[in-house]
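Dear colleague,

Please find below the structure that I am handing over to you, together with its sequence. My findings follow directly after it.

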Amino acid sequence: MSTPHTRIWVGVDAGKGHHWAVAVDAAGETLFSSKVINDEAQILTLIETARERADEVRWAVDISGRASTLLLALLIAHGQQVVYVPGRTVNRMSGAYRGEAKTDAKDARVIADQARMRRDFAPLETPPELVSTLQLRTNHRADLIADRVRLINRLRDMLVGICPALERAFDYSAAKGPVVMLTEYQTSAALRRTGVKRLTTWLERRKVRGSADVAARAVEAAQSQQTALPGEKRAAKLVCDLAHQLLALDERIKDNDREIRETFRTDDRAEIIDSMPGMGPILGAEFVAIVSDLSGYRDAARLASHAGLAPVARDSGRRTGNFHQTKRYNRRLCYIFCMSAQTAMMRRGPSRDYYLKKRSEGLLHTQALLSLARRRVDVLWAMLRDKRLFTPVPPVTQAA
């Protein structure tokens, strides 16, 4: 019969098919090490086993994504304390332990030991349903955008093998009309036979904006090449197929964006976030999906640090005053603030005034933009804290 402990730490090396759990006591001695299938029954058995070993159990995981969703949901539902140990920390600290082997058991041991020795790891909680929905929608949107980029690159590569002038004539990533045209006309010979007038009429029936300009530029590009290239017929069929896929994908992206906006509007903070110049519903939804209710941030400086907008010192000996951007930050959160700052500084208002002020001080465009993004973190934090909409001029406080 094992002696119960006051407190133990259980580190879980999470995976899609199975997890590996290792428990350590206050002295760092291993109590048990076991493989756990990613299944509700086995995870519940692991929880009961850990509870039998100690009065208090503290859990630590190295993945907070979809692979550990069931594990985290069951742990939190049973009132267990869970912290997140970054994979970077596990990788760096593994070298400090005996042996050079890389196994799930060793990683779980490192996770448990780090949770035992450190108290600064972020606790994990089950996000609200709205936040979970926005996380799924925004992540799916990123996948769709990546698929769209790949489709456009493949489309342009195929067009180069048919008619290079036609490939250069349009920006297929920004205009829908040329893509619609490629669903029917892909070769220079077909475009020359059709002519500008017939092609314009064909595009107008499909409600293409600027159909006359699209037709004129396409026929002009086709007339510059009289030679049929090898494999042109097969390439034309592939271009037709890619064009149909691209149009269908654009519709999927449009539907997904509409659902993101509708879900975002149901959040109590949506009106506040949307009132800030440059922060539309898509960026606002991504912001909520990442930061949730801001309970994980002590102040605006912590939020700026998570976004990579708070420089860190790199001093040593007589070298002082050296700062650089941190390497461990949320790239997407940084993108949100920088993109919103880029949009806001292009229009008249306090954001543009601040940007021009920094440029006049000698900062480069990138430096001034990052400075503006950092300032906007403080502004957005204050807006959410005080639950007020954005106002260009700070509110006047009445004297008592």
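This is a predicted model: local features need pLDDT of at least 70, side-chain atom pairs count only at pLDDT 80 or more; totals for chains, interfaces and linings use all residues.

Six strands make up an open sheet of mixed pairing, and their order is β3-β2-β1-β4-β5-β6. At its edges are β3 (30-37) and β6 (122-123), each of which pairs on one side only. Strands β1 (residues 5-13) and β2 (residues 18-24) are paired in the antiparallel sense, over five bridges. Within β2, V24 is the residue that stands opposite W9.

Helices on the sheet

Two helices that pack on the sheet may be of interest to you. Helix α1 (residues 40-53) touches β1, β2, β3 and β4 (54-61), and the direction of helix α1 makes about 170° with that of β3. Helix α2 (residues 69-77) packs on the sheet as well, where it touches β1, β2, β4 and β5 (81-84). The direction of helix α2 makes about 150° with that of β4.

S94 is located in helix α3, which covers residues 87-94. Is S94 buried or exposed? Its relative accessible area is 13%; because buried means under 20%, S94 counts as buried. A polar atom of the S94 side chain lies 2.7 Å from the backbone oxygen of V90. Apart from neighbours within four places in sequence, the residues in contact with S94 are K106, D107 and V110.

Yours sincerely

How values were computed
Residues are numbered from 1 along each chain as its sequence is written. Side-chain values use heavy atoms; hydrogens and water are left out. Helices (H or I, at least four residues) and strands (E, at least two) are DSSP runs, numbered from the N terminus. Buried means under 20% relative accessible area, exposed over 50%, partly exposed in between (1.4 Å probe, protein chains only). A polar contact is a pair of N or O atoms within 3.5 Å; within protein, one must be able to donate a hydrogen and the other to accept it, and residues adjacent in sequence count only if both atoms are side-chain atoms. Contact means heavy atoms within 4.5 Å. Two strands pair if DSSP finds at least two bridges between them. Axes are lines fitted to C-alpha atoms, for helices over the stretch in contact, and angles run from 0 to 180 degrees between N-to-C directions.
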